[in-house]
Amino acid sequence: MKKIILALTLVFGLGIANAQVDIITKHSGETVEGKVIRLDEYTVVFKYDGEDAENTIGKYAVEKIVYGKTKRVEEVTEKIVINGEDDWEKVVILEDKSYIAGLKKVGEVRGKTGLINFQTGNTGDKKAAKKLKMDAAKLGCPFVLQVSDKTTVGANSNAIGGSQAIKTGVAYKY
C-alpha cells in the first residue's frame, strides 16, 4: 500500500512540476517548453526547461505563449499568409537580425529602379521597396531582412541626372 501511495505521489508531483513550464507556440506549429524571461519589443527571451542559458526568438515567429503557473494565454503575433505576388503589400521588411530568429531562410531578393528613370529620391526608394516585397512574395515569404540600401543621385547615377535605388535582402518564412 505504501508503494502505491508513493508512486501516485511521484506521478502527481511530476504533473505539478510540468505545469510550471511555459509553452511557446511558433507559427510553424513547433512548440518550445521553457521559462519565458521577458518579452522585448521584437523578441522573446526564454530558457529551455532544465537549462540556464538564455535563448532568443523573434516575435514574428511566435504565435502565442501559454504561461505555466497561471495558464494565461498571450497572443504574440498573427500569422502572415502570402499566396503569391499579389500579396506583396503584406510582406514586412525587417532591419535587424534579431527579428528573424526562429524563421527559415529561403533566398535572396532584390528591388531596384531602372537606370534611366525620372524618379525623385523618395519615389525611387518606394518603388525599389515595392519590388523587393514583390520578389519576396513570389517566393511565398512574408519577411525580408534588408541587407543593403543604396541610392545614387545626379551625376553619380546616370548621364541624364536621374536617381537609382537598389535594395537587397534575404527572404524568410515560418
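Predicted model: local features only at pLDDT ≥ 70, side-chain atom pairs only at ≥ 80, totals over all residues.
## Charged surface patches

Glu51 has a relative accessible area of 44%, so the residue counts as partly exposed.

A surface patch of positive charge gathers Arg110, Lys112, Lys127, Lys130 and Lys131. Two elements, strand E8 (104-112) and helix H2 (121-138), each contribute at least two residues to the positive patch. H2 gives the largest share, with three residues. Lys127 belongs to helix H2, and its relative accessible area of 36% makes Lys127 partly exposed.

## Overall architecture

The protein chain contains two helices and 10 strands. Read from the N terminus, the order of the elements is α-β-β-β-β-β-β-β-β-α-β-β. The chain has 174 residues, and buried residues account for 37% of them.

## Salt bridges

How many salt bridges does the structure hold? The number is six. One of them joins Glu30 to Lys26, with the closest N and O atoms 3.2 Å apart.

Glu54 and Arg38 form another salt bridge, with an N to O distance of 4.0 Å. This pair links distant parts of the chain, since Glu54 lies in strand E4 and Arg38 in strand E2 (residues 31-39), 16 residues apart. Glu54 is partly exposed, with a relative accessible area of 46%. Arg38 is likewise partly exposed, with a value of 39%.

A further salt bridge is made by Arg72 and Glu74, whose closest N and O atoms are 3.6 Å apart. Arg72 is partly exposed at a relative accessible area of 45%, and Glu74 is partly exposed at 22%. Salt bridges with shared partners also connect Arg38, Asp40 and Glu54 in one network.

## Aromatic pairs

The distance of the centres and the angle of the planes describe a pair of aromatic rings. The structure has five aromatic pairs. Among them is the pair of Phe46 and Tyr48, which is edge-to-face, at 5.1 Å centre to centre and 80° between the planes. Which of these two residues is buried, and which is partly exposed? Phe46 is buried, because its relative accessible area of 4% is under 20%. Tyr48 has 35% relative accessibility and therefore counts as partly exposed.

Phe143 and Tyr174 also form an edge-to-face pair, with 5.6 Å centre to centre and 90° between the planes. Phe143 is in strand E9 (residues 143-153) and Tyr174 in the segment after strand E10 (163-173), so their pairing ties together parts that are 31 residues apart in sequence. Phe143 is buried at 0% relative accessibility, and Tyr174 is buried at 15%. Both rings belong to a cluster in which ring pairs link Tyr42, Tyr60, Tyr99, Phe143 and Tyr174.

## Backbone details

Phe46, the buried partner of Tyr48, is part of strand E3 (residues 43-48). The C-alpha atom of Phe46 is 6.4 Å from that of Thr56, a residue 10 positions away along the chain.

Where does Lys71 lie? Lys71 is in the loop between strand E5 (62-66) and strand E6 (73-75). The phi angle of Lys71 is near 65°, a positive value in a residue other than glycine. Lys71 is exposed, because its relative accessibility of 53% is over 50%.

Notes:
Residues numbered from 1 in each chain as written. Heavy atoms only, no water. Patch = residues over 30% accessible without salt bridge, like charges linked within 9 Å, V, L, I, M, F, W, Y side chains within 5 Å. Areas by Shrake-Rupley, 256 points an atom, 1.4 Å probe, with all protein chains shown as cover. Salt bridge = Lys/Arg side-chain N within 4 Å of Asp/Glu carboxyl O. Lys, Arg positive; Asp, Glu negative; His and termini not counted. Charge placed at Lys NZ, Arg CZ, Asp CG, Glu CD. Helix = DSSP H or I, 4+ residues; strand = E, 2+ residues; numbered from the N terminus. Buried < 20%, exposed > 50% of the residue type's maximum accessible area, 1.4 Å probe, protein only. Phe/Tyr/Trp six-rings, centres within 6.5 Å; stacked < 30°, edge-to-face > 60°.
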